[in-house]
Amino acid sequence: MNTRSPLLAGIDIGTTHIKALISDTDGTVLARAVRRTPVAPGYRHPADGVLAAALDALTDCADATGRPPDAIGVTGMAETGAPLDRDGRPLDDLRAWSDPEPAPYAHSLGARLGSGTLHRATGVLPSAKVPLAKWCALAAREPETAARMHTWAGAADLLVHALTGRLGTDATFAQRTMAWDPHHKRWIEELLTEAGLTTRHMPPVHAPGDPVGTVTRPVALRHRLRAGAPVVVAGHDHLVGAWAAGVRTAGQVADSMGTAEAVLTVSATPPDHAAAAEEGMSWGRHANGEHYILLAGMRGSGVLVEWVCDRFLTGTSGGDRYAAFERLVRSLPATPTGLVLTPYPGGRSAPRPDPHATLDLRGLGLGHGPADLARAVLEGTAHHARWMADVQATVCGAAPDSVTLLGGSTRLRPWTELKAAVCPWPTRVCAEPEAPALGAAHWAGAALGFGPAAPTAPSDPVVPDPATAEAHRAFHHDRFLAAVAPPPP
């Protein structure tokens, strides 16, 4: 009799990288693989390239463990997707969440239907990245493609379709489209009509842990997988990662640090919709479909670290550049630099939304150099994350119990130390750098009858030096907030 413990695979399709891993049912990671996320001109990702990269990474993990996974979960970036034809083939590249082209259509939706009304109904505010605005742009600018579109697939949905031949999605992805009702868990026909669509064009929405289908025999043979293994769309990467890190109950906060950054607070009840909308924050259900979350995003996070590396650390690549960046930061004291960096390349989404906010550095003098700039990037992003969490606490009506840092950027230890110094609440760092992929594996386990709440990635407390923390927290109120959110005259 086969008594081997099942193996669970998780895949995370990110903006910059595609990560795959295989774990056991206790959450111990047995194999990992990473690929760069392919990009195409014009805020696109080639669909075939993304699928090939994800399947290659998954195959590498299966080879490393010596046997294929018994279930597969997929997570990834929200709002990125592609129109499919009647046979399930992409009609075009994946359209990235960062594409600014749909902005006029988002503005029109907000003006005609009311931004607050849309936010109350769907949990999100009109913006260029929401798929409803993408679909309106598609209908207006590419009518032939729109006419041929049979269904829409998000990036994770597309990979699951490639594995199973079936299309499906998760509610945490659906609620990012601005056409889904998180209260009643259904597509909103009236909003789909704005883009000339119906519910028929939308992928079926599965309950958490409910498999979309199973790995087909041809795919299993080609990629050394197990035919018949269930495949689950685990949901939005920030939420799935937070779940894996143990951020699951009311009062817990996750700070998901990657190319972009997201701060989310878990709530037992829906947050104050009007207050959340005013602060540019979205709301919806958590990965389990029960609790609610309040979510705020920041584009200027890991991308700013990459910017410093590109401009000032030429000649280094891969892990070497991050090691060089860390050495640069550690060449300075842990106390505040005195510089105020406003981390807004391309505007600020939340709090106090401001599309005209910019990436500025204040207080620069002739004595400053690249090390000061590198540390100022970490300081500015840490202060902004603290501000997002503060505002979420106000909207939810309660201070956080704790903050858990997760994501690939947590590998930069000076950054997590700085976050703990700036933040007034107990701070922990998730020890699993690929928490979304591990969370996807947990939700794949649900398809085999294993509770996704049982395994939790370990985390370590970060306790700052009291004097350093006092200096950074004073700087937060006296200098950072005064620069980014001055009181009205």
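Arg 413 is partly exposed, with a relative accessible area of 36%. Partly exposed means between the two limits: buried is under 20% relative accessible area and exposed is over 50%, using a 1.4 Å probe and protein chains only. This is a predicted model: local features need pLDDT of at least 70, side-chain atom pairs count only at pLDDT 80 or more, and totals for chains, interfaces and linings use all residues. Residues are numbered from 1 along each chain as its sequence is written, and side-chain values use heavy atoms, with hydrogens and water left out.

Stay with Arg 413. Which residue does Arg 413 form a salt bridge with? The partner is Glu 417, and the closest N and O atoms are 3.6 Å apart. A salt bridge here is a side-chain nitrogen of Lys or Arg within 4 Å of a carboxyl oxygen of Asp or Glu. Side chains of opposite charge can pair when their charged atoms come close. Arg 413 and Glu 417 are four residues apart in helix α15, so about one helical turn separates them. Helices are DSSP runs of H or I with at least four residues, strands are runs of E with at least two, and both are numbered from the N terminus.

Glu 417 also meets Arg 330 in a salt bridge, at 3.5 Å from N to O. Glu 417 lies in helix α15 (residues 413–422) and Arg 330 in helix α13 (residues 319–330), so this pair ties together parts that are 87 residues apart in sequence. Glu 417 is partly exposed at 31% relative accessibility. Arg 330 is partly exposed too, at 43%.

Now look at a buried pair. The side chains of Lys 19 and Asp 12 meet in a salt bridge, 3.5 Å from N to O. Lys 19 counts as buried because its relative accessibility is 15%. Asp 12 is buried as well, at 4%. Lys 19 lies in strand β2 (residues 17–24). Leaving aside neighbours within four places in sequence, the contacts of Lys 19 include Gly 10, Ala 33, Val 34, Glu 434 and Ala 437. Contact means heavy atoms within 4.5 Å.

Salt bridges can also join into networks. Arg 44, Asp 92, Arg 95 and Glu 142 are linked in one. How many salt bridges does the rule count? The count comes to 26.

Next, the nonpolar cores. Such a core is a set of buried Ala, Val, Leu, Ile, Met, Phe, Trp, Tyr and Cys residues joined through side-chain atoms within 4.5 Å. In soluble globular proteins, nonpolar side chains tend to be buried together. The largest core has 54 residues. Those with the most contacts inside it are Val 305, Phe 325, Leu 378, Trp 387, Phe 480 and Val 484. Helix α14 (residues 370–396) gives the most to this core, with 13 residues. A second, separate core has 43 residues, including Ala 33, Ala 57, Met 77 and Ala 155.

Leaving aside neighbours within four places in sequence, its contacts include Tyr 344, Pro 351, Arg 352, His 476 and Phe 480. Pro 351 lies in the loop between β19 (340–343) and β20 (359–362). A cis peptide bond joins Ala 350 and Pro 351, with omega about -15°. Arg 352 is in the loop between β19 and β20. Phi of Arg 352 is near 40°, a positive value in a residue other than glycine. Arg 352 is partly exposed, at 40%.

Met 178 has a positive phi too, near 70°. Met 178 sits in the loop between α7 (171–174) and β10 (180–181). Is Met 178 buried or exposed? Met 178 counts as buried, at 0% relative accessibility.

Strands come next. Strand β17 (residues 282–285) and strand β18 (residues 292–298) pair in the antiparallel sense over four bridges. Two strands pair if DSSP finds at least two bridges between them. Arg 285 has Tyr 292 in β18 as its bridge partner. β17 and β18 form a hairpin with six residues between them. In the turn, Gly 289 has a positive phi of about 80°.
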